[in-house]
Amino acid sequence: MLKDLNLIGGMTNKDWLDQVHDEMRDNNITQGQLADMANYSRSHLNQLLGRKKPLNDKARLDLTLALRALTGQNNLDVCIDYLSVTFKTHDYEELINELFQISPIHFNLHDGAHYGYSATLTCGEIKMMLSPYQDVDAEDYNPKDDSGTMIELKGQGCRYVESYLQSQHRTWYDFLETCLKLDCHFTRLDLAINDRNGLLDVPTLIEKCDHDEFSSRFRGFRDNRTKQWHASGRTLYLGSPQSEVNFCIYDKAFEQHQKHPEIAIEDQPIRTRFEVRLRRERAATAVEHLLATRDPEQVVFGIINQYLRFLTPSHKPRSEWVLDPRWAAFIGNNRDKLRLSTNPEPLNYDHITRWLRKQVAPSLKMLQLIDQYNNTNELKAIIDSGKLTQRHWDVIHHFQHQRNGVMTDSKQREKSKKSDYADQSK
């Protein structure tokens with residue numbers, strides 16, 4: 001029953017309600033529990049379940065999510081979605097070998113960098129920022145000017161690293177432990193909770209903030225609406241972006257639809273995302289707790305529970321308001337254990353092939369048939385005239401490495417460039 005979000009396709013209301021009753025009976029769920037979780041009055045729910053009131057699509061969705069919450073089938077997972085870490089060393093080859101366990105020749109050198117660094121090494125979405133080498137024994141050495149090396153992994157960078165970790169039978173815990181062994185300093189860590197069933201509804205949470213139906217250690221909140229044609233996405237920010245802890249809750253399905261419009265919003269795998277963004281000492285402490293407990297649920301929800309609660313208003317004093325039922329389900333009531341997931345997506349390769357099949361394949365097929373009729377090679381000429389960018393080569397080299405480790409001569413030239421850079425910085 002719970003495989004389909006709306007439980008609508010091909011199923012009559014009678015069959016749907018029969019399955020709801022079966023699910024409630026099998027899991028010992030009362031009408032009172034279901035009504036509270038769906039935010040319905042008990043009399044209204046009784047009329048829906050008794051077929052005395054019409055059952056529309058919204059009611060099906062509300063009751064489906066409520067049942068998922070009560071049965072623990074919320075389909076949540078936690079992932080690392082941003083990581084920045086600095087190292088005192090200038091030996092970037094050692095960092096690459098130890099952390100990513102690949103050859104440094106996979107990385108391309110670029111002049112310029114952010115955060116005061118002077119050059120950047122990239123491998124797909126992985127970024128390493130370099131500062132010029134300084135001799136610690138030199139008379140003019142100033143520790144404040146020596147930034148060492150920084151690794152920055154944004155969302156796609158994390159997914160890219162996961163493709164290597166997966167092929168090497170390693171985990172994020174192995175990666176983080178190696179960082180510590182190499183004398184690192186964690187500067188930022190984002191832990192993202194992926195809500196694949198839409199248990200959290202961002203507009204509802206924003207409305208509860210507007211009505212002061214929440215309790216928080218943050219001083220304020222702000223919301224943002226993004227529009228695109230007929231659809232819109234909402235984002236709720238809690239806490240200052242500059243503070244050591246802040247939260248961001250947003251419509252992930254809409255965000256991904258903006259990036260990949262060929263995939264409908266309702267077909268996106270993640271509905272809502274809750275990001276816990278940590279900086280400086282809080283980031284380092286979170287990594288320490290992750291490695292000590294190997295329990296991302298304890299770490300991430302431990303932080304959330306310290307800072308935020310959504311409440312159900314009542315005639316009682318505010319101090320006696322209870323948790324909002326969906327929020328209670330989200331933070332742990334009757335929920336499956338969360339794991340630190342990996343979802344390797346190197347350079348959006350799947351998105352590229354999906355876009356080709358849906359948008360380009362018909363035109364390619366047409367040109368192929370025209371070539372056959374005219375005995376020409378126009379399609380091949382078009383493909384041969386294409387100019388590959390460095391990003392395209394990164395995809396090619398990545399899959400070469402994943403399959404057999406074969407590198408092209410251009411990579412050897414990049415290695416020479418890096419050696420030249422190292423000599424110049426000294």
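Buried means under 20% relative accessible area, exposed means over 50%, and partly exposed lies in between, with a 1.4 Å probe and protein chains only. With that in hand, welcome to a predicted model, in which local features need pLDDT of at least 70, side-chain atom pairs count only at pLDDT 80 or more, and totals for chains, interfaces and linings use all residues. Residues are numbered from 1 along each chain as its sequence is written, and side-chain values use heavy atoms, leaving out hydrogens and water. Helices (H or I, at least four residues) and strands (E, at least two) are DSSP runs, numbered from the N terminus.

**Salt bridges within helices**

- A salt bridge here is a side-chain nitrogen of Lys or Arg within 4 Å of a carboxyl oxygen of Asp or Glu, and by this rule the count comes to 22.
- One of them pairs Arg25 with Asp22, where the closest N and O atoms are 3.1 Å apart.
- Both residues belong to helix α1 (residues 13-26), and because they are three residues apart, about one helical turn separates them.
- Asp22 is partly exposed at 33% relative accessibility, while Arg25 is exposed at 52%.
- Another salt bridge joins Lys380 to Asp384, with 2.7 Å between the closest N and O atoms.
- This pair sits in helix α14 (residues 378-384), four residues apart and so separated by about one helical turn.
- Lys380 has a relative accessibility of 52% and counts as exposed.

**A salt bridge across the chain, and a network**

- Arg159 forms a salt bridge with Asp81, and their closest N and O atoms are 3.3 Å apart.
- Distant parts of the chain are linked by this pair: Arg159 lies in helix α6 (residues 155-167) and Asp81 in strand β1 (residues 76-87), 78 residues apart.
- Arg159 and Asp81 are both buried.
- Through salt bridges that share partners, Asp81, Arg159, Glu162, Arg273, Glu275 and Arg277 are joined into one network.

**An open sheet**

- Strands of a sheet pair through backbone hydrogen bonds, either parallel or antiparallel.
- In this model, three strands make an open sheet with antiparallel pairing, in the order β7-β12-β13.
- The edges are β7 (214-216) and β13 (322-323); each has a single partner strand, so one side of each is left without a neighbour in the sheet.
- Two strands count as paired if DSSP finds at least two bridges between them; β7 and strand β12 (residues 308-312) run antiparallel and are joined by three.
- Ser216 stands opposite Leu308 in β12.

**A negative surface patch**

- Asp91, Glu93, Glu94 and Glu98 form a negative surface patch.
- Patches are made of residues with over 30% relative accessible area and no salt bridge, joining like charges within 9 Å and nonpolar side chains (Val, Leu, Ile, Met, Phe, Trp, Tyr) within 5 Å.
- Glu93 is located in helix α5 (residues 92-100) and is partly exposed, with a relative accessible area of 33%.

**Positive phi in two loops**

- Asn28 has a phi near 55°, a positive value in a residue other than glycine.
- Asn28 is found in the loop between α1 and α2 (31-38), and at 66% relative accessibility Asn28 counts as exposed.
- Asn375, also a residue other than glycine, has a positive phi near 55°.
- The loop between α13 (349-374) and α14 holds Asn375, which is exposed at 71% relative accessibility.

Notes: Areas by Shrake-Rupley, 256 points an atom, 1.4 Å probe, with all protein chains shown as cover. Lys, Arg positive; Asp, Glu negative; His and termini not counted. Charge placed at Lys NZ, Arg CZ, Asp CG, Glu CD.
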